[in-house]
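Subject: Structure for your files

Hello,

Here is the structure I said I would pass on. My notes on the fold, the core and the side-chain pairs follow below it.

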Amino acid sequence: MHRILTVVLLSLVTSTAWTADYCVGTVSELQAALDEAETDGADSEIQLRSGVYAIGADLDYEPTSEAFLPAGKLTIRGGYGPGCSSRSDADGATRLTGNGTRTLYATTQTGDVSIAGVAFEGVHVAMISRV
């Protein structure tokens with residue numbers, strides 16, 4: 001009986017898709033969400049509220065513990081309204097701006113990172129697969 005219960009519980013744990021959503025409206029909240037997504041062990045979606053985000057330093061997503069704790073997928077999506085309860089597909093609703101020397105780094109072993117609904121002006125995007 002214990003063996004059957006253990007198998008059922010393990011099946012439930014391993015088949016559950018964990019997700020983590022982060023609603024952000026400032027550059028510091030964006031970096032904090034990237035940091036949290038590195039270690040949450042879930043498929044993470046960072047929801048950027050509409051507006052202009054002036055990047056003063058590079059942004060970094062690098063789950064260094066991926067070898068023993070899978071990082072899951074990362075999706076960064078712009079165009080959200082207050083509280084991230086609604087989303088607009090309007091061009092340029094969410095913009096990351098920089099002076100041409102700022103970079104959003106996404107370094108992963110899985111390379112499972114996507115960005116949608118975000119315009120970049122003077123900000124480079126570097127997706128690096130570390131295998």
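Predicted model: local features only at pLDDT ≥ 70, side-chain atom pairs only at ≥ 80, totals over all residues.

Of the 131 residues in the chain, 33% are buried. Among contacts between residues at least 6 apart in sequence, 68% join residues at least 24 apart.

The sheet

An open sheet is formed by 4 strands, in the order E1-E2-E5-E7, and the pairing is parallel. Its edge strands are E1 and E7 (113–116), each of which pairs on one side only. From one strand to the next the twist averages 15°. E1 and E2 run parallel and are joined by 6 bridges. As an example of a bridge partner, aspartate 21 has glutamate 45 in E2.

The core

The largest nonpolar core has 22 residues. Leu30, Leu34, Ile46 and Leu74 are the residues with the most contacts inside this core. Two or more residues each are given to the core by strand E1 (19–24), helix H2 (27–39), E2, strand E4 (59–61), E5 and E6. H2 gives the largest share, 4 residues.

Which residues does leucine 74 contact, leaving aside its neighbours within four places in sequence? They are Leu34, Ala37, Ser44, Ile46, Tyr61, Asp112, Val113 and Ser114. Two of these, Leu34 and Ile46, are also named among the residues with the most contacts inside the core.

The disulfide

The count of disulfides is 1. Cysteine 23 and cysteine 84 form it, with their sulfur atoms 2.0 Å apart. Cysteine 23 lies in strand E1 and cysteine 84 in the loop between E5 and E6, so the pair ties together parts that are 61 residues apart in sequence. The torsion about the S-S bond is about 80°, so this disulfide is right-handed. As for accessibility, cysteine 23 is partly exposed at a relative accessible area of 33%, whereas cysteine 84 is buried at 10%.

The salt bridges

Side chains of opposite charge can pair when their charged atoms come close. How many salt bridges does the structure hold? There are 3.

One of them is between arginine 77 and glutamate 45, with the closest N and O atoms 2.4 Å apart. Arginine 77 lies in strand E5 (residues 74–80) and glutamate 45 in strand E2 (residues 43–49), so the pair ties together parts that are 32 residues apart in sequence. Arginine 77 counts as partly exposed, at 27% relative accessibility. Is glutamate 45 buried or exposed? Glutamate 45 counts as buried because its relative accessibility is 15%, and buried means under 20%.

Another is between glutamate 121 and arginine 95, where the closest N and O atoms are 3.1 Å apart. Glutamate 121 is in strand E8 (residues 119–129) and arginine 95 in strand E6 (residues 94–108), so this pair ties together parts that are 26 residues apart in sequence. Both residues count as partly exposed, glutamate 121 at 37% relative accessibility and arginine 95 at 27%.

The remaining entry pairs arginine 87 with aspartate 89, their closest N and O atoms being 2.9 Å apart. Arginine 87 counts as partly exposed at 34% relative accessibility. Aspartate 89 is exposed, with a relative accessible area of 64%.

Where is aspartate 89 placed? Aspartate 89 is in the loop between E5 and E6.

Regards

Terms used: Residues numbered from 1 in each chain as written. Heavy atoms only, no water. Salt bridge = Lys/Arg side-chain N within 4 Å of Asp/Glu carboxyl O. Buried < 20%, exposed > 50% of the residue type's maximum accessible area, 1.4 Å probe, protein only. Core = buried A, V, L, I, M, F, W, Y, C linked by side-chain atoms within 4.5 Å. Contact = heavy atoms within 4.5 Å. Disulfide = S-S within 2.5 Å. Pairing = 2+ DSSP bridges. Axes fitted to C-alpha atoms, helices over the stretch in contact; angles between N-to-C directions.
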